[in-house]
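Trainee: I would like a close look at one part of this model. Please take me through the contact between the chains, and start with confidence.

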Amino acid sequence: MAQATAPGPARVRRSRRAILVGWSFILPNFLGFALFTLVPMAAAFALAFLDWDSYGTPEWVGLENFEQLIGDENFHVALRNTLYYAAGHIPLTLVAALALAIVLNRKLRGVNFFRTAAFFPYITSLVAVAAVWNMLFNPTAGPVNQVLEALGVAEPPRWTASTDWAMPAVIVTSVWRDMGYYMVLYLAGLQTIPREYYEAARVDGAGAWQRFWNITLPCLRPTTFFVLVMLTIQSFKVLDLIVVMTDGGPGRSTLVLAQLVYREGITEGRFGYSSAIALVLFVIVLTVTVAQFRLNERRNTP
Amino acid sequence: MTTLQDAPQTVAPPEPSPGARPGAGVARTVLAYAALGAATLLVLLPLVWMVSSALKRDNEVFAIPVEWIPREFRWSNFVEIWDRVPLLTYLGNSAFLSVTIAFLQVLTGSFAAYGFAKVRFPGRDALFLAYIATIAVPWQAYMVPQYIMMQRAELTNTFWSIILLQAFGAFGVFLMRQYYMSIPDDLCEAARIDGLSEYGIYRRIMLPLSKPALASLALLTFVSTWNDYMGPFIYLTSNELWTVQLGLRSFVGQYEAEYAMIMTGAVLSVLPILVIFLFGQRYFIRGIATSGLKG
Amino acid sequence: MTTSTRHLTKGLAATAALALALTACGSGGGEPAADGTTTLTVTVWNLAKTPEFKALFDAFQKANPGVKIQPVDILADDYPEKVTTMLAGGDKTDVITMKNVTDYSRYSSRGQLADLTDLVKSADTSKLAGLDAFDVSGKYFALPYRQDFWLLYYNKKLFDEAGTEYPDGLTWDEYAELAKKLTKGEGSEKVYGTYHHTWRSVVQAVSAAQTGGDQLGGDYAFFTDQYTMAVGLQQAGAAIDFGTATSQKSDYRTMFETAKTAMMPMGTWYISGILEAKAGGATDVEWGLAPMPQRPGATEVTTFGSPTAFAVNNRAEHADLARKFVQFAASQAGAEAITKVGVVPALQSPEITEAYFALDGMPTDELSKKAFEPDKVVLEMPVSEHTSDVDTILNEEHQLIMVGDKTAAEGIQSMNDRVKSEVLD
């Protein structure tokens, strides 16, 4: 993005015309985007400073909703759970995606089949995914625990039926679902690394691990960055999978922020409060993402 | 934004590995296939189970120990379901929505992306930032304001609502812009000198060059629309407008115990996507591949 | 330049064509049709599985020629979310079905429902059970048409096989003993003594009704005995454990209809379900009804229940007709219509009860009839501005007790603390 901002000298003259031309490209999409996304979003954020029950006239309450947030235990629980989910989902998906990509980055007969297979969980409908995984994680009759028992685990976790294991179960499912998508991104990254690097390293006698560590990883840094940003945004916004798998339970063990936004707003009708939570969530994601951009820039300019 | 700037110049020479070279090739290939097979099986296991359950009786689904292969293949499940649920209508609605939205998203998204990537004008980057920032806001937060707008416009309970909401997403613009950034500016510059207008460059140079990205965006949009539940649930009320996901979820809600039938529905709902994916796979992977690395 | 413009124009034309095609697909709801019929829209859930709606609609249409009822079918699980969104957006659907009293209190307090007080005042409503639940400081915004209450379903065959008498006048201790005695088999052949569905009411509303405890009060010590019993049954293996039931989205119908359980406390709405399943040949379960077990020393039969009601949207397109429909559903004619499909109407009279037990497939023994006439039916959850917040907390803590993460005492302590600090203060 940094390159794009620097204006080329040849273009300064044509500035007014450029504005017209530029906007003419953006306009068709922007009209729809502004009307159906930006405007409602702005309205939602404005609601964070109002008290509104979806029917009467909204009332200005300033920062009251945010003050209420600080003391709300549900918010604390949801924030903690969201961070827990992100802390599990982001690194595990990253590693799984990278590992898959490396395994599949070979010239093998039928590799396309394997790539498709790995990508398949991502395109499967969530309803189906949740149904299958809930059955797999069934604490008594589920295949996961049957396998664990066969392996000699005396008391396998009760997964979605236990407060300690419900979140890991959700994380496992989400990693399984998302890794194929990011694998494809990594696969693309891997294919751009010049073969000569590896050959040179081989001549120098570098082992497989050293080649991975000294060539593959550094060359993949731009991809990793992109994956990281997308994963972060996605992790903090998680909702669908949790709703269909555990609905926040047992207790509040898998209650996440986006779900609290939904519950306070749509279910309870406290739209102002719900918007305040959404705004906080937005600020958190934005902060993390901007930090990631900064870190990335610093690394790229040693 | 270049990919290789971080590549190390040299690798410190370690001690030579004494591994035997000849013969290792075959062993390696075998090993690679074994690893691939294992990984694939692991990834596909839940799906295998889904298909296998779809062919069982309801009470066999949870048998202990797990039966991976049904005792008898009840293909009749796949016949019966068409009588139980108006699946054809649902599939048709989903297909219509997915195709329309994918088409509009690709059209307007790529057009806008060109503006963001190749035309320089003041305020462009701020605008782009606004686009990106919206990706970070959970939809549930502005669902109600959006619904109120749609209701005022009397568009709820029509396909219009879903199309208008989803066809102009920021994601498509983002994806396409990343792709266009990778196309050298010199190419556009040369075209400009040749007298091509910006629209001409978009049409004659960018579009043909970005076919893989267009295909991947189209497929991604198609898949996400196809799999969307909340949007259709909130906006589409009449049963004849329902999508596959709504139908499937409603089926699960009403016939909770008919596990085999639920799985049959799940398999059928995934099938069309699989077919489309298999056809578009080559483009698809290449498409994301190229745009993906321009972090 | 020209070629590109032409292509663009083509693209735009295509979009426009698409737009036109789309307009044809969109269809508005309650516009009066050309042939003079008026279409009344009513929100319903799981239409295919809830026969009372069709029965009522048919009866109403028959009584009012020229009226066509168009159900707005909504998935039961997400019904409140959708209705909330619809009402917030100013939807004009005429009649809104109140699935439970909690949602009713939300909608009515926001002014989204039309005032029906005059309908209540103008008619004899003394026999309309559950009407009190809709009293909002002297005003009514909905009229109940059905009144469900809880009783004990049991499988006669399993009782006979065990050589046990049918469950008449049980205390909870006797019930628990009986459940253990009736449990048999292993693995997929296992038959449980009883089945407690995952809802918190199975434990909480029962004890509130029978001890007189207040579920909005902030002190939940009165849940203790019931939790001890429920958790005990689960640990003894006489009831399927909560975790398994949730993760496989266990269905109480299947549990009972496939004879996986000998007893099951459940609401009267399930009667129509069994009747339908038996009529359709889906099950051959021999079933009976018994009164809910009671606390030791109880002299009368106390259980809990909840009414279901119709309300008129404040923005209804056909408000008068909607009011007429609501009134019809709560009347004798409405009650007769839904009785025919095995649903318990809110309007109670000896004739209705008689008609009810005359239904094909209903058990006719004295015990079942006795079960059908409890002395006292307490509202499942009291209604106030705190209801839904307290409901959320009680539900979360219920899950924690039932999965064994907290003991009953810890869970109840936590309910007390949380309800006091998060809601009542």
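In chain A, where is confidence lowest and where is it highest?

Mentor: In chain A, confidence is lowest in helix 1 (residues 2-5), at a mean of 43. Helix 4 (residues 73-104) of chain A is highest, at 92. The score is pLDDT, the predictor's confidence in each residue, from 0 to 100. Helices (H or I, at least four residues) and strands (E, at least two) are DSSP runs, numbered from the N terminus.

This is a predicted model: local features need pLDDT of at least 70, side-chain atom pairs count only at pLDDT 80 or more, and totals for chains, interfaces and linings use all residues. Residues are numbered from 1 along each chain as its sequence is written, while chains are lettered from A and ligands numbered from 1 in the order in which they are written.

Chain A averages a pLDDT of 83, and 92% of its residues score at least 70. Over residues 1-6 of chain A, pLDDT stays under 50. The model has three contacts beyond four places in sequence for that stretch. Two residues are in contact if their C-beta atoms, placed from the backbone, lie within 7 Å.

Now the contact between the chains. Chain A gives 89 residues and chain B gives 83. On the chain B side, helix 13 (residues 259-292) supplies the largest share, 13 residues. That side divides into 60 nonpolar, 16 polar and seven charged residues. Ala, Val, Leu, Ile, Met, Phe, Trp, Tyr, Cys and Pro count as nonpolar, Asp, Glu, Lys and Arg as charged, and the others, Gly among them, as polar.

Next, one helix pair. Helix 2 (residues 15-47) of chain A packs with helix 3 (residues 87-118) of chain B at an angle of about 140°, and their axes are 7 Å apart. Axes are lines fitted to C-alpha atoms, for helices over the stretch in contact, and angles run from 0 to 180 degrees between N-to-C directions. Helix 2 of chain A is therefore oblique to helix 3 of chain B. Angles under 35 degrees count as roughly parallel, over 145 as roughly antiparallel, 65 to 115 as roughly perpendicular and the rest as oblique.

Who makes the contact? From helix 2 of chain A, the residues include A:G22, A:F25 and A:P28. From helix 3 of chain B, they include B:T108, B:G109 and B:Y114. By class, this contact has eight nonpolar, six polar and no charged residues.

Last, a record. UniProt (unreviewed entry) lists "transmembrane region" for chain A at spans including residues 271-293. In the model, residues 271-293 of chain A are 100% helix and 0% strand, with end C-alpha atoms 32 Å apart. UniProt annotations may be inferred rather than shown by experiment.
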